[in-house]
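Subject: Handing over a two-chain model

Dear colleague,

I am passing this structure on to you, and I would be glad if you could look through it before reading my notes.

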Amino acid sequence: MAQDTRERQALGRASAAALAVATAVLATVVLPAEYGIDPLGTGRALGLTALAGTGVEEAVPPPTGDRVAPVQAGPFALYPAEYKVDAREFVLGPYEYVEYKYQLEQGATMLFSWRADGDVIHDFHGDPEGQASSTAAQSFDKQPRRQADGHFVAPFAGIHGWYWENPGGETIRVRVAAAGFFTVAHEFHIDRTRRERAVRPLDVISPAGGEETP
Amino acid sequence: MTRRAALVSALMLLAAGAGVVRAHEEFRIIGTLMKHADSRIQVKSRTGKTVSIRLDKQTAISRDKKKVDAAALRAGQSLVVDSYGDTEDDSLAIEIRIVPPIRGGD
């Protein structure tokens with residue numbers, strides 16, 4: 001009888017020890033390696049969490065290319081360069097006009113806002129790359145406006161932008177601001193001069209401070 | 001050899017023709033009518049330059065958005081002229097608008 005009791009106690013101790021060892025192995029090795037669960041930090045210390053596939057994957061490189069064209073994936077698109085920003089003011093004397101256009105690749109996007117302090121004749125249009133403006137230009141918006149805020153996705157590679165004409169005898173100012181995947185701006189004046197305008201990289205925009213709005 | 005010479009000549013003619021087409025441009029001249037005679041007007045622009053512009057039967061002339069005859073053009077009027085040609089001077093007027101006197105003009 002005493003013999004049976006001792007054997008039962010030994011068996012109990014052995015079972016308890018086996019359970020303790022199994023629990024320790026589960027917590028320190030199996031859970032981190034199999035499931036990435038690491039309650040004691042031993043998985044990270046022993047490099048076992050990598051086996052669970054929970055480590056940070058290697059970064060995917062951005063698209064590359066000379067042309068700033070979108071690589072579309074559904075509603076999401078990536079470009080091989082950062083977007084640019086630009087702002088201009090034009091003073092239009094009586095009956096004068098100006099054209100201001102950005103170089104955009106097919107599918108490239110830009111955001112814009114413009115304001116005129118008087119009535120202007122306006123035409124938002126594009127000139128396909130490599131084709132004569134006088135024959136190939138396509139108009140996208142000619143509604144009478146004094147201002148516009150919008151976005152534009154270029155339907156073809158080329159220069160895209162505005163024609164503003166002062167139809168009257170008073171001087172008018174037109175201000176335009178834009179951000180987008182354009183590379184350069186072109187300015188066409190009434191005296192037939194054409195100027196290429198550099199657009200600004202993003203580092204001209206200072207990061208905002210940590211001030212909270214009340 | 002003859003064929004090659006002909007091809008080169010044709011290409012040269014084509015290039016020359018393209019140059020001529022490219023040379024024609026549209027101009028806007030804003031200024032004061034100095035003289036009108038013999039289907040030709042002289043306009044002094046706001047920059048002080050005087051240019052001579054030809055008129056023809058297709059030239060559209062208007063005042064207050066109403067079509068008027070070339071006889072309505074008088075020295076001293078303020079004009080907005082859209083013309084076409086190789087250069088501003090001696091270009092052909094497509095449209096002439098007689099506008100109210102331009103402030104700050106000459």
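This is a predicted model: local features need pLDDT of at least 70, side-chain atom pairs count only at pLDDT 80 or more; totals for chains, interfaces and linings use all residues.

Residues are numbered from 1 along each chain as its sequence is written, chains are lettered from A and ligands numbered from 1 in the order in which they are written, and side-chain values use heavy atoms, with hydrogens and water left out.

Chain A is divided into domain 1 (2–51) and domain 2 (71–202), with bounds that come from an automatic or database domain assignment. The centres of these two domains of chain A, taken over C-alpha atoms, are separated by 70 Å.

In the strands (DSSP runs of E, at least two residues, numbered from the N terminus; a pair needs at least two bridges), E5(A), residues 109–128, has several partners. Strand E7(A), residues 145–153, runs antiparallel to E5(A) and is joined to it by eight bridges, with Thr109(A) partnered by Val153(A). Eight bridges also link E5(A) to the antiparallel strand E8(A), residues 158–165, where Gly126(A) stands opposite His160(A). Strand E9(A), residues 172–180, pairs with E5(A) over seven bridges in the antiparallel sense, and Phe112(A) faces Ala178(A) there.

In chain B, strand E4(B), residues 60–63, runs parallel to E7(B), residues 91–99, over four bridges, and Ala60(B) has Glu95(B) as its bridge partner. E4(B) also forms a hairpin with E5(B), with two residues between them, and Asp64(B) in the turn has a positive phi of about 55°.

Turning to the interface, 10 residues of chain A are in contact (heavy atoms within 4.5 Å) with 12 residues of chain B. The two chains bury about 950 Å² between them, 46% of it on carbon and sulfur atoms, where buried area is the accessible area (1.4 Å probe) that two parts lose on being put together, summed over both. On the side of chain A, Pro94(A), Tyr95(A) and Arg192(A) lose the most area to chain B, together 59% of what that side buries. Four salt bridges (a side-chain nitrogen of Lys or Arg within 4 Å of a carboxyl oxygen of Asp or Glu) are found across the interface. The side chains of Glu96(A) and Arg46(B) meet in a salt bridge, at 3.6 Å from N to O.

With best wishes
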